[in-house]
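Hello! Here is the structure I promised to pass on to you. Have a look at it first, and then read my notes on its aromatic rings below.

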Amino acid sequence: MTRVRIDMKAGADLDGFRRALRILVRDRVAPDDVVFAAERAQDLFGAPLAGEAPPVVLPRAVTGLIADVVCHRENERYGRLYRLVWRILKGERGLLEVASDPLVYRLARMQQEVRRDIHHMHGFLRFRRVVTEGGVAAGETESSGIEEKERFVAYFEPAHFTLAAAAPFFAERFANMAWSILTPDGSLHWDGKKLVEGPPARRDPAAAGDGFEEGWRTYYAATFNPARANPKLMAQHMPRRYWADMPEVAAIPELVSFAPARVREMIAREAAASPKRAPEKALQKMREGRPKSLQDLNALIAASEPLVSGAVPGATRAVLGEGPLDADIVFVGEQPGDQEDRQGRPFVGPAGQLLDRAMAEAGIERGSVYLTNAVKHFKFEMRGKRRIHQKPTVSEVKHYRWWLMAELEFLSPRLVVALGGTAALALSGRQVSVTKMRGRQEFPPFAGFLTVHPSYLLRLPDAEAKASAYRAFVDDLRQVREIVDERREAA
């Protein structure tokens, strides 16, 4: 078959690729017979690609991958994407989950690079106030239809074609400002109601500073922590290619050079602190305000803001512990999941159902134990319409530790069972290896036991490995029951 050439618009031509994809799939054109050319021509040509075709039904994860990867600068991006779709439609439905596949691996890296570029634009783009006499802001033309005497302009050089993908963030964040973003690939102008595309631009129109920029430099210097100054780490998190358009960068050399002296000054000031500062009084106040019952503690937790940084509006429900207050066994998990957050109860999702089955086989009734989590709020990220679990950080676990330990003090169980490493971290205050430390533990002032979290069993891909791990989990729970029986008899 004669190879088919498809000319794509310059930049991220998502609409063009979708149309080409429908026609190529309709005509069963193999990937080796297609050449995608990123040019300014907008029309598809060649006999096999004539007319229109019905949409191609793909998994949501694949459509999301396509939307990201078309923004990449690599010339082969369209060809790689079509090859992926072709393989999926030919029967490899779970291909995207095979991370070791060279094509999947490369596309995943490209998606990651595009998302990182969008993140950089959100974090490192800086607007400057521009006022023009003619009512047309610098970098625009009369034909744009935007006529403000005050406009905020930013110049940015993205690594990929991510301007359009990053723009909704600025339209929402700065909805009441008239602004323009200028890049070598094109420009976007916002008038408070709509976005207008413009031609490529140079840095010059946004080069002049303003009063707001000076204020931002002052604020940055005031919040700079000299004790944590690390130029190499700063360069990793704030790449040098963006420094030319970031006003605070001009202050960094001076701030870093004076950092040692400022640290010494801070230490001396702390050493000379007024003797009137009495930490004992502060501790006494905390004790006086301590909840008098588990019910009071739960009311405090329910009224508190989430302490996990990944939670988005909607994940504000604290999922409290559940079970009899005189329970001999307390199971501590990591954090609530999607179903737990929706129902407001711990361990009601897939992991909870697996735990129920394992407890039943081990001779433990769910109604006789207390179930809770180290972190009380669901931390997640959105992928399409799904809320995907994100593991809490060490600092987030430690933020919640006070709640957990107070909860356990009210319960006074005979045994505390840590389900997974995060629970062990919360109970012991240190990182614990589940594989090395599995079994009896001490979580002062409580006797403890460490085992895997049931969600670990759900993630195992191999059926045989999953069955073996489940049997070991049930054996752990039998040990838990035996330990409690021993402690009950000895009491």
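**Rings and their neighbours**

Arg73 lies over the face of Phe161, 4.3 Å from the ring centre. A charge counts as sitting over a ring if NZ of Lys or CZ of Arg is within 6 Å of the ring centre and within 35 degrees of the ring normal. Arg387 does likewise with Phe380: its charged end is 5.0 Å from the centre of that ring.

Before we go on, please keep in mind that this is a predicted model, where local features need pLDDT of at least 70, side-chain atom pairs count only at pLDDT 80 or more, and totals for chains, interfaces and linings use all residues. Residues are numbered from 1 along each chain as its sequence is written, and side-chain values use heavy atoms, leaving out hydrogens and water.

Now to rings that meet rings. Rings of Phe, Tyr and Trp (its six-membered ring) pair if their centres lie within 6.5 Å; planes under 30 degrees apart are stacked, over 60 edge-to-face, and the rest tilted. That rule gives 14 aromatic pairs. In one of them, the centres of Phe127 and Trp179 are 5.9 Å apart with planes at 50°, so this pair is tilted. The two residues are 52 apart in the chain.

Finally, Phe127, Phe169, Phe170, Phe174, Trp179 and Trp190 form one aromatic cluster.

Happy exploring!

How values were computed: Helices (H or I, at least four residues) and strands (E, at least two) are DSSP runs, numbered from the N terminus.
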